[in-house]
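Me: I have a structure open and a few questions about it. Can we go through it bit by bit?

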Amino acid sequence: MRHVLTLLLTSWWLGAPVMAAEVEACRNLLEQRNALAEQAMKAEIALVRTTRERICPVLSQQADGANANDRNEQTIDYQALIECRHKAEEQLLRSRRVLYVNIQQFRFYTAAGAKLARQADGLMQPLRDQECPQLR
């Protein structure tokens with residue numbers, strides 16, 4: 001029994017650095033994927049924001065002012081802001097070509113956003129191949 005316990009502890013002790021390296025590799029891949037996805041989303045958010053500003057300039061200015069002001073003394077018609085955003089998204093869908101649809105079915109209209117989203121999605125297979133626990 002003592003030999004079995006010694007053997008188990010030894011194998012665990014020898015395997016621990018390998019497991020730690022695998023976890024570190026998974027963490028690095030996941031951080032890289034998340035950073036790319038975040039940059040891709042920022043490109044699309046900027047596009048929708050620019051479109052929204054063209055469609056509803058006063059409402060957009062109020063929203064931007066409220067975001068800059070922590071105390072938020074302005075009253076904003078959030079329903080109108082949501083409707084304006086939907087209009088901006090509809091206009092983009094009618095006027096621009098979708099360059100990429102990611103794993104989560106999010107549409108990318110900008111070249112930069114599409115490129116970054118492809119790179120982020122491309123990291124999903126290595127994450128699966130390494131059986132990273134973050135994906136379960």
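Me: What is the torsion about the S-S bond of Cys-56 and Cys-84, and which hand does that make the disulfide?

Reply: The torsion is about 120°, so the disulfide of Cys-56 and Cys-84 is right-handed. Keep in mind that this is a predicted model.

Me: Where do Cys-56 and Cys-84 lie?

Reply: Cys-56 is in the loop between H1 and helix H2 (57–68), while Cys-84 is in helix H3, so the pair ties together parts that are 28 residues apart in sequence. The S to S distance is 2.1 Å.

Me: Are Cys-56 and Cys-84 buried or exposed?

Reply: Cys-56 is buried, and Cys-84 is buried as well.

Me: How many disulfides does a search of the whole structure find?

Reply: The search finds two disulfides. Besides the link of Cys-56 to Cys-84, there is one between Cys-26 and Cys-132, with the sulfur atoms 2.1 Å apart. Cys-26 belongs to helix H1 and Cys-132 to the segment after helix H5 (124–129), so this pair ties together parts that are 106 residues apart in sequence.

Me: Which hand does the link of Cys-26 and Cys-132 have?

Reply: That link is left-handed, with -85° about the S-S bond. Both Cys-26 and Cys-132 are buried. If you number the bonded cysteines of the chain in sequence order, the pairing reads 1-4, 2-3.

Me: New topic, aromatic rings. How many aromatic pairs are there?

Reply: The count comes to two aromatic pairs. In one, the ring centres of Tyr-100 and Phe-108 are 6.4 Å apart and the planes are at 40°, so the pair is tilted. In the other, Phe-106 and Phe-108 have ring centres 5.0 Å apart and planes at 65°, so that pair is edge-to-face. Tyr-100, Phe-106 and Phe-108 form one aromatic cluster.

Me: Last topic, the largest pocket. How much space lies in the largest pocket?

Reply: About 250 Å³. The lining has 13 residues, and those nearest the centre are Val-48, Glu-89, Phe-106, Arg-107 and Tyr-109.

Me: Which elements give two or more residues to the lining?

Reply: Helix H1 (2–55) and helix H3 (78–95) do. H3 supplies the largest share, five residues.

Me: What is the lining made of, by class?

Reply: It has seven nonpolar, one polar and five charged residues.

How values were computed
Residues numbered from 1 in each chain as written. Predicted model: local features only at pLDDT ≥ 70, side-chain atom pairs only at ≥ 80, totals over all residues. Heavy atoms only, no water. 1 Å grid on protein atoms, 1.4 Å probe; cavity = no way out; pocket = protein on both sides within 12 Å on 5 of 7 lines; lining within 4 Å. Points joined across faces, edges and corners; volume = space filled by probe spheres on them. Helix = DSSP H or I, 4+ residues; strand = E, 2+ residues; numbered from the N terminus. Nonpolar A, V, L, I, M, F, W, Y, C, P; charged D, E, K, R; others polar. Disulfide = S-S within 2.5 Å. Buried < 20%, exposed > 50% of the residue type's maximum accessible area, 1.4 Å probe, protein only. Phe/Tyr/Trp six-rings, centres within 6.5 Å; stacked < 30°, edge-to-face > 60°.
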